Amino acid sequence: MQKINLLTYYQELCSVLNQQGFRHKMRFQGKIKEDEYDIIDEDHPELTIMEIAENSNAYRYLTENGLLKKDICLFCGNTLVNGKYTFTEPVNRTKLNICSECHTKGRNMQGNNGTDIRSGCLSIIALFISFCFIVIIATTLFL
Ligand SMILES: [Zn+2]
């Protein structure tokens, strides 16, 4: 499997967007600030493409000019074997192509942060409710 260097690729995309006058907006101390595109975190190239996708005009510019690669995972740079998996960016609900590994990784993370804790809480609540019922039944029977 071929893997492209996402950092170099996103750096190119950022400079094209900056040259075309696109700026990303961010909230800073209650004010909207506009800034040039740049790599956000070298260890997390996916943050940069997510920021680009938040600006629908910038994202459309890249897709319409064929600058956005469609055959790679936009999170890790792997060549896509099948393009069935997508990540929906939360601001514009832009669908980003990702590989099955990144999709599985994301789903597992969601499971660990949400479902497990919630189902744990629910079973404790259920236990507590049944305990209360036993106490109520016991007191009404014996008093
Ligand atoms: Zn991937």
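**Confidence first**

Colour the protein chain by pLDDT, the predictor's confidence in each residue, from 0 to 100. Confidence is lowest in helix H4 (residues 100-142), with a mean of 65, and highest in H1, with a mean of 97. Select residues 112-117: the pLDDT there is below 50, and beyond near neighbours in sequence this stretch has one contact in the model. Two residues are in contact if their C-beta atoms, placed from the backbone, lie within 7 Å. Over the protein chain the pLDDT averages 83, and 73% of the residues score at least 70.

This is a predicted model, in which local features need pLDDT of at least 70 and side-chain atom pairs count only at pLDDT 80 or more, while totals for chains, interfaces and linings use all residues. Residues are numbered from 1 along each chain as its sequence is written.

**The whole chain**

Switch to a cartoon view. The protein chain has four helices and four strands, in the order α-β-β-α-α-β-β-α along the sequence. Helices (H or I, at least four residues) and strands (E, at least two) are DSSP runs, numbered from the N terminus. Of the contacts in the protein chain with a separation of 6 or more, 51% are between residues 24 or more positions apart. Buried residues make up 21% of the 143 residues. A residue is buried if 20 or more other C-beta atoms lie within 10 Å of its own, exposed if 12 or fewer, and partly exposed in between, with C-beta atoms placed from the backbone.

**Helix H2**

Select residues 45-54. Why is helix H2 largely enclosed by the rest of the structure? Seven of its ten residues are buried. These are Pro45, Glu46, Thr48, Ile49, Glu51, Ile52 and Ala53. Show the surroundings of H2 as well: its buried residues pack against helix H1 (6-19), strand S1 (24-28), helix H3 (56-64) and strand S4 (95-97).

**H1 against H2**

Now show side chains. Leu6, Leu7, Tyr10, Leu13 and Leu17 in H1 meet Pro45, Thr48, Ile49 and Ile52 in H2. The residues of this contact divide into eight nonpolar, one polar and no charged. Here Ala, Val, Leu, Ile, Met, Phe, Trp, Tyr, Cys and Pro count as nonpolar, Asp, Glu, Lys and Arg as charged, and the others, Gly among them, as polar.

**Ala58 in H3**

Select Ala58, found in helix H3. Ala58 counts as buried because it has 21 C-beta neighbours inside 10 Å. Leaving aside neighbours within four places in sequence, Ala58 is in contact with Leu17, Phe22 and Ile52. Draw a C-alpha to C-alpha distance from Ala58 to Asn18: these residues are 40 apart in sequence and 9.7 Å apart in space.

**Two loops with positive phi**

Most residues other than glycine have a negative phi. Go to Gln29, in the loop between S1 and strand S2 (31-35). Gln29 is not a glycine, yet its phi is positive, at about 50 degrees. Gln29 is exposed, with 5 other C-beta atoms within 10 Å.

Next take Arg93, in the loop between strand S3 (86-88) and S4. Phi of Arg93 is also positive, near 55 degrees. Arg93 has 9 C-beta neighbours inside 10 Å, so it counts as exposed.

**Two asparagines**

Select Asn78, in the loop between H3 and S3. Asn78 is partly exposed, with 18 other C-beta atoms within 10 Å. Asn78 and Leu6 are 72 residues apart in sequence, and their C-alpha atoms are 9.3 Å apart in space.

End at Asn97, in strand S4. Is Asn97 buried, partly exposed or exposed? With 19 other C-beta atoms within 10 Å, Asn97 is partly exposed. From Asn97 to Thr86 the C-alpha to C-alpha distance is 4.6 Å, across eleven residues in sequence.
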